[in-house]
Amino acid sequence: MTAFWPHDLPKGFTLSSYQETRPNNVIYSESSIGPAKARRRSTSNVWEQSGTMMMTYGQYRSFIDFVSDVISDGAQAFWFPDRLGGPNILVRIKEPPKASIDGNLWRVSIALEVLP
């Protein structure tokens with residue numbers, strides 16, 4: 001069974017840190033005359049979301065446990081809240097999260113790949 005993002009963690013990235021990268025899903029082929037031909041590479045492609053979440057010490061401990069124990073250090077996919085309010089999206093952690101302390105909160109940077 002696919003895991004869900006823990007309910008006690010933030011449901012999204014801070015607004016100022018959020019970034020989204022859509023896939024490069026077009027292939028261009030040069031033609032002998034005129035503009036290059038273009039076609040869609042795939043109808044099902046991954047794209048990226050990244051950003052920072054502010055977490056309390058307890059939330060950060062829950063996050064570490066989730067990443068380590070539930071999703072095998074990011075090897076397994078999980079359901080994550082959709083930024084636009086739709087149904088949860090299937091994601092996988094793209095690279096090891098980075099964390100630093102900012103006052104009494106943890107600033108956790110996460111890069112996700114959104115799966116088809």
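1. **Ground rules.** This is a predicted model, in which local features need pLDDT of at least 70 and side-chain atom pairs count only at pLDDT 80 or more, while totals for chains, interfaces and linings use all residues. Residues are numbered from 1 along each chain as its sequence is written, and side-chain values use heavy atoms, with hydrogens and water left out.

2. **The core.** The largest nonpolar core has 23 residues. A nonpolar core here is a set of buried Ala, Val, Leu, Ile, Met, Phe, Trp, Tyr and Cys residues joined through side-chain atoms within 4.5 Å. Buried means under 20% relative accessible area, exposed means over 50%, and partly exposed is in between (1.4 Å probe, protein chains only). The members that touch the most others are Trp 5, Met 55, Phe 63, Phe 78, Phe 80, Ile 110 and Leu 112. In soluble globular proteins, nonpolar side chains tend to be buried together.

3. **Who supplies the core.** At least two core residues come from each of strand S5 (47–55), helix H1 (57–70), strand S6 (78–80), strand S7 (89–93) and strand S9 (105–114). S9 gives the most, with five residues. Helices (H or I, at least four residues) and strands (E, at least two) are DSSP runs, numbered from the N terminus.

4. **Leu 112.** Which residues does Leu 112 contact, leaving aside its neighbours within four places in sequence? They are Phe 13, Trp 47, Glu 48, Gln 49, Phe 78, Phe 80, Val 91, Arg 92, Ile 93 and Lys 94. Contact means heavy atoms within 4.5 Å.

5. **Glu 113.** Glu 113 is also in strand S9. This residue counts as buried because its relative accessibility is 16%. The Glu 113 side chain makes a polar contact of 2.7 Å with the side chain of Arg 92. A polar contact is a pair of N or O atoms within 3.5 Å; within protein, one must be able to donate a hydrogen and the other to accept it, and residues adjacent in sequence count only if both atoms are side-chain atoms. Neighbours within four places in sequence aside, Glu 113 contacts Val 46, Trp 47, Glu 48, Leu 90, Val 91, Arg 92 and Lys 94.

6. Strand S8 (residues 98–102) and S9 run antiparallel and are joined by five bridges. Strands pair if DSSP finds at least two bridges between them. Lys 98 has Ser 109 as its bridge partner in S9. Two residues lie between S8 and S9 in this hairpin, and Gly 103 in the turn has a positive phi of about 70°.

7. **Aromatics.** The structure holds twelve aromatic pairs. Phe 78 and Phe 80 have ring centres 6.4 Å apart and planes at 85°, so this pair is edge-to-face. Rings of Phe, Tyr and Trp (its six-membered ring) pair if their centres lie within 6.5 Å; planes under 30 degrees apart count as stacked, over 60 as edge-to-face and the rest as tilted. Phe 78 is buried at 0% relative accessible area, and Phe 80 is buried at 2%. One aromatic cluster is formed by Trp 5, Phe 13, Tyr 18, Tyr 57, Tyr 60, Phe 63, Phe 66, Phe 78, Phe 80 and Trp 106.

8. **Arginines over rings.** Arg 22 lies over the face of Trp 47, at 4.3 Å from the ring centre. Arg 83 lies over the face of Tyr 18, at 4.3 Å from the ring centre. The criterion is NZ of Lys or CZ of Arg within 6 Å of the ring centre and within 35 degrees of the ring normal.

9. **Two serines in H1.** Ser 62 sits in helix H1. Is Ser 62 buried or exposed? Ser 62 is buried, at 16% relative accessible area. Its side chain joins that of Asp 8 through a polar contact of 3.1 Å.

10. **Loop residues.** Ser 72 lies in the loop between H1 and S6. Its phi is near 50°, a positive value in a residue other than glycine, and Ser 72 counts as partly exposed at 33% relative accessibility. Asp 73 is found in the loop between H1 and S6. Asp 73 has a positive phi of about 60° although it is not a glycine, and counts as exposed at 61% relative accessibility.
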